[in-house]
Amino acid sequence: MAKKIYKPQDAVERSNTENSQWNTLIPDMIEGKYVLVIGSEIVLSKNFNKECNGDSYKLIVSAVIERLKELKLIAPQYEVETLSQLAHDLANVEQHIRKTMKENLEFEVSEVSSELRALLKTKCFKVVLTTTFDPYVELAMREIWGDELRVMDIYAERGPQFDFSIKDLGASHFDMPPTLYYVFGKADEENPRKKFVVTENDEMEVIAKWLGAGAPQHFTNYIQQKRILALGCKYDDWLFRFFWYSLRRSINDLKNGEVAISLNEASETDVKLQNYLKREQIYVHPNARKFITETLSRLELYEPELIQRQRKLGGIFLSYAHEDVDVVKNLFFRLCSEGFKVWFDERNLKPSNEYDKEIKEAINQCKIFIPVLSPTVQSDSRDKNLSRYYRKVEWKIAQQKQNIKPDSIRIMPFCISGYNVRDERTLLETPDFIKKVTAFNSMDEPLDSFIANLTNLLKEKY
């Protein structure tokens, strides 16, 4: 066989292909076109438990085995890598797993890998699927979303914890409630009857659930409209491959730009599958943690540039407390995608004469001023001594503009999750020019309604 001769342009072509993938991935992530699938291999910090190497599944297997050895239910030299093998060797293993998780393991969000927590904090992924049954991913998401987080489970009873609704299918990225789906069940120490995948029979059963007539149809329909970013999942694991197939059903349904991540390079089967995915234009990266780090780095560089490029004078001005920047950023991108001219400044800069001048010009040129009302704004309203830039400068400029020429500007308050529109104490500290206008409540109404109001207003008045 003739030896392949390395050509310098080979590296250039690979580099161009990778840059093309990144140039598609980052903006599509920002626009909410991806769902995130998390496997056990990237869940934990590698420093938390060096033996498990950051893999939450390995941690639990190890803890269960150690507990069984203490109980003298297995021999001291017994070792196994999977719970299904353990279940094959020992009866009632689920009971021991639950007891071990309840009595011997404490799950802390600080144990979750910093890379994963940082990725989730971008809020680019409203829908996250986890192939693990431990609560680590849920803890990380609750740290970000709090009580807004919706938890779903393939083993849940029929209803809102099992499947999406018709409303969810039509929801925009902004309107979609943050959702975590346990695709192979959740080990719940508070509910010992709750099912999750342990044995080989469980594996067959859960695949039947995903592929059968009783699958969460609305949920899978939603996933089929999206691209999949899979991190820390083993592609030589037949269970995960069947699950991927249940979401896509056909190679023709794979989305261009879809990203598959694998850590298990040692497996011959896995390498073959990676090569197959590459031939189908599915991007595969050999190291999920490095991939996350690079994604975050590129996101940090790309977002400010994109915002600077998209923001325009003469239409809408978004006024907000900096703590709410991630939510307002999503609103900005959605409004821009609808064709509105929007001014949004995500830079956390100290006030200066030049900055004040820039803000004043933007508000004086805008036709619609949107004060974003949030729990932060509500808290600020109760402190008369607190002088925040959005209140001290932006709100006052908008109010002065309306006082001088009422028809030149329309105030449209926008309430986000956690803001109590009926809080009398907050209303007392809210300027009249804001509280006399009916606020849009994004918790109760879809963003499409707000956009329709904006469109009609701009057509009629301006």
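**Aromatic rings and their surroundings**

Phe164, Tyr181, Phe184, Trp210, Phe219, Tyr222 and Phe243 come together as one aromatic cluster. Rings of Phe, Tyr and Trp (its six-membered ring) are taken to pair if their centres lie within 6.5 Å, with planes under 30 degrees apart called stacked, over 60 edge-to-face and the rest tilted. The model is a predicted one, where local features need pLDDT of at least 70 and side-chain atom pairs count only at pLDDT 80 or more, while totals for chains, interfaces and linings use all residues. Numbering runs from 1 along each chain as its sequence is written, and side-chain values use heavy atoms, leaving out hydrogens and water.

Going by the pairing rule, the count comes to 21 aromatic pairs. One of them joins Phe133 and Phe196, and it is tilted because the ring centres are 4.7 Å apart with the planes at 40°. Phe133 sits in the loop between strand E2 (127-130) and helix H6 (136-145), and Phe196 in the loop between strand E4 (179-182) and helix H8 (200-211), so this pair ties together parts that are 63 residues apart in sequence. Helices (H or I, at least four residues) and strands (E, at least two) are DSSP runs numbered from the N terminus. Phe133 is buried at 7% relative accessible area, and Phe196 is buried too, at 0%; buried means under 20%, exposed over 50% and partly exposed in between (1.4 Å probe, protein chains only).

Phe440 and Phe450 make another tilted pair, at 4.9 Å centre to centre and 45° between the planes. Here strand E13 (residues 440-441) holds Phe440 and helix H19 (residues 447-461) holds Phe450, so the pair ties together parts 10 residues apart in sequence. Both of these Phe residues, Phe440 and Phe450, are buried.

Charges turn up over rings as well (NZ of Lys or CZ of Arg within 6 Å of the ring centre and within 35 degrees of the ring normal). Lys123 has its charged end over the ring of Trp145, 4.7 Å from the centre. For Arg311, the charged end sits over the ring of Trp343, 4.0 Å from its centre.

What about helix H8 itself? Met204 is found there, in helix H8, and counts as exposed at 54% relative accessibility. Glu205 also lies in helix H8 and is partly exposed, at 35% relative accessible area. Neighbours within four places in sequence aside, Glu205 is in contact (heavy atoms within 4.5 Å) with Tyr155 and Lys195.
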